[in-house]
Amino acid sequence: MAEATTNQSTNLVEYTVSELSFALKRTVEEAYGLVKLRGEISNFNGQHGSGHCYFKLKDENAVIDALIWRSTYQRLKFKPEQGLEVVVKGRVTTYPNKSTYQIVIDDLEPAGIGALMALLEQRKRALAAEGLFDSGRKLPLPYLPRIVGVVTSPTGAVIRDILHRLADRFPCHVMVWPVRVQGETCAVEVAAAIHGFNGLIAGASVPRPDLIIVARGGGSLEDLWGFNEEIVARAVAASTIPLISAVGHETDWTIIDLVADFRAPTPTAAAERAVPVRADLHIQVTDFGLRILSHLRRLVEGQRNLLAALARGLPRRSEILALPRQRFDGASARLGRALGANAHAHCVALARSATRLRPHLVRNAVRGGRDRLDRLDRSGRRALGALVARSRQRIDARIQLLNSLGYHNVLARGFTLTRDAEGRMLRRAAEVHRGERLDIEFADGHVPAQADGGDRKATASPKRARARDEKQGTLL
């Protein structure tokens, strides 16, 4: 028996510490590749200088080391905090340097109401720091929207309450964008609905709403969690259409309530805030009409009394016309005497003028005028002759200049002028084409010609070229 025990001990495989550590590491990683673990965060001191996070996960009976790499930490939606209960997903492995096992976390989510509240507060602080909750960026709600867009579940009681309340207060056109109001896809669908309403174009076949209501009934924090997601908050903040948040009951508060332009405690309250009461508007308009009519009646009556008072202050017509009438009577009485005196004065003036007229004065005036007329006639004839002579001299000078500068003098010296069929003057042999009809002008007339097939690049002396042109003109 002792001999068998000795053989077994001598047949054991011998490992180094490193070999055993890495063998255990492979065994653990193969047995527990990816696990989901729930526990409380302990010994969390924030990020290490390298950017990684080291802490422990514990429950009532055990503790496990946890590690989050820096790249994973940066993309986590929820950051770990001391004392929070979380659910993590990761890979179990060992750390050979300390002979301990640990979990390398790939994803981390809060577990329980306390963790959700902590996550909610964390998001509130981050969004508030960006200014999404500021009242200065909130849009005013329209007083009387023509079209109301509702983002909610089409099968719940919420949409029926909203439609019923809108019909009671002020009937208007309602557009419903159906979404899931809880679950994993809730936040994505609600954000897409808000972006979809904002993407509509005014005046198109599908009208653009003037107001958006995001509504949901009451529920637990987990049920309303889709309206606490960051994607929904940013969609509400980016909306150019005024938006009313009506999520949950009066005591339920979500992030969308803080970002929305107006927070209604219930969906019914949202419908009441969206439109006024039509009957109240009718009464108010009627009251305004009666007040305007009463004001106009008082205004007309006051103007009538003012006009009557001003009329009483005016003098009577007889008093206004009395003085002009007296003046007219006095002028008419003096008119006969004034006409006689005027005629007598003109007769006296005419007689005085007649005494100054003598026949020899008229004859002298006629004789002087005839002499001036004769002198002017003689002067005009001399001036006209001189003008004609000067004009003839200028014309003769220009004719001599034209003759000296004209090309006919050049033709008279033996030169010719060649034109093509269209009358353009040809200056170079390269401008002449074979078979082209030409017109050659001499000093004594024109001769038609036709270009032959000779080489136009060949050159000749001016006399030989002129003799050739004259020969061609004679032949033609």
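Are Glu229 and Arg123 buried or exposed? Glu229 is buried, and Arg123 is buried as well, where buried stands for under 20% relative accessible area, exposed for over 50%, and partly exposed for the range in between (1.4 Å probe, protein chains only). The model is predicted: local features need pLDDT of at least 70, side-chain atom pairs count only at pLDDT 80 or more, and totals for chains, interfaces and linings use all residues. Residues are numbered from 1 along each chain as its sequence is written, and side-chain values use heavy atoms, with hydrogens and water left out. Helices (H or I, at least four residues) and strands (E, at least two) are DSSP runs, numbered from the N terminus.

**Salt bridges**

- The structure contains 17 salt bridges, each defined as a side-chain nitrogen of Lys or Arg within 4 Å of a carboxyl oxygen of Asp or Glu.
- Side chains of opposite charge can pair when their charged atoms come close.
- One of the salt bridges is formed by Glu229 and Arg123, whose closest N and O atoms are 3.2 Å apart.
- This pair links distant parts of the chain, with Glu229 in the loop between E8 and helix H7 (230-238) and Arg123 in helix H4 (residues 113-129), 106 residues apart.
- Arg291 and Asp287 form another salt bridge, with 3.9 Å between the closest N and O atoms.
- Arg291 and Asp287 are separated by about one helical turn, because they lie 4 residues apart in helix H10 (residues 278-313).
- Arg291 is exposed, at 53% relative accessible area, and Asp287 is partly exposed, at 37%.
- A salt bridge also joins the side chains of Arg424 and Asp420 (3.2 Å, N to O).
- Asp420 is buried, with a relative accessible area of 6%, whereas Arg424 is partly exposed at 49% relative accessibility.

**Buried charged residues in strands**

- Arg216 lies in strand E8 (residues 211-216).
- Although Arg216 is buried, it has no salt bridge, and the nearest side chain of opposite charge, Asp223, is 4.7 Å away; Lys and Arg count as positive and Asp and Glu as negative, while His and the chain ends are not counted.
- The side chain of Arg216 has a polar contact of 2.4 Å with the side chain of Gln182. A polar contact is a pair of N or O atoms within 3.5 Å; within protein, one must be able to donate a hydrogen and the other to accept it, and residues adjacent in sequence count only if both atoms are side-chain atoms.
- Residues up to four places away in sequence aside, Arg216 touches residues including Val158, Val181, Leu224, Phe227 and Pro267, contact being heavy atoms within 4.5 Å.
- Glu441 belongs to strand E12 (residues 437-442) and is buried, with 7% relative accessible area.
- The side chains of Glu441 and Arg419 make a polar contact of 2.7 Å.
- Beyond its neighbours within four places in sequence, Glu441 is in contact with several residues, among them Tyr407, His408, Phe415 and His446.

**Aromatic pairs**

- The structure has 2 aromatic pairs. Rings of Phe, Tyr and Trp (its six-membered ring) pair if their centres lie within 6.5 Å; planes under 30 degrees apart count as stacked, over 60 as edge-to-face and the rest as tilted.
- Phe44 and Phe55 form an edge-to-face pair, 5.8 Å centre to centre with 75° between the planes.
- This pair links distant parts of the chain, 11 residues apart: Phe44 is in the loop between strand E1 (35-42) and strand E2 (53-58), and Phe55 is in strand E2.
- Phe44 is buried at 15% relative accessible area, and Phe55 is buried at 3%.
- Trp177 and Phe197 form an edge-to-face pair, at 5.2 Å centre to centre and 75° between the planes.
- Trp177 in strand E7 (residues 173-178) and Phe197 in helix H6 (residues 186-199) are 20 residues apart, and their pair links distant parts of the chain.
- Trp177 is partly exposed, at 31% relative accessible area, whereas Phe197 is buried, at 1%.

**Charges over rings**

- The charged end of Arg263 sits over the ring of Trp253, 4.1 Å from its centre; the criterion is NZ of Lys or CZ of Arg within 6 Å of the ring centre and within 35 degrees of the ring normal.
- Trp253 lies in the loop between strand E9 (243-247) and helix H8 (255-259) and is partly exposed, at 45% relative accessibility.
- The charged end of Arg278 sits over the ring of Phe170, 5.7 Å from its centre.
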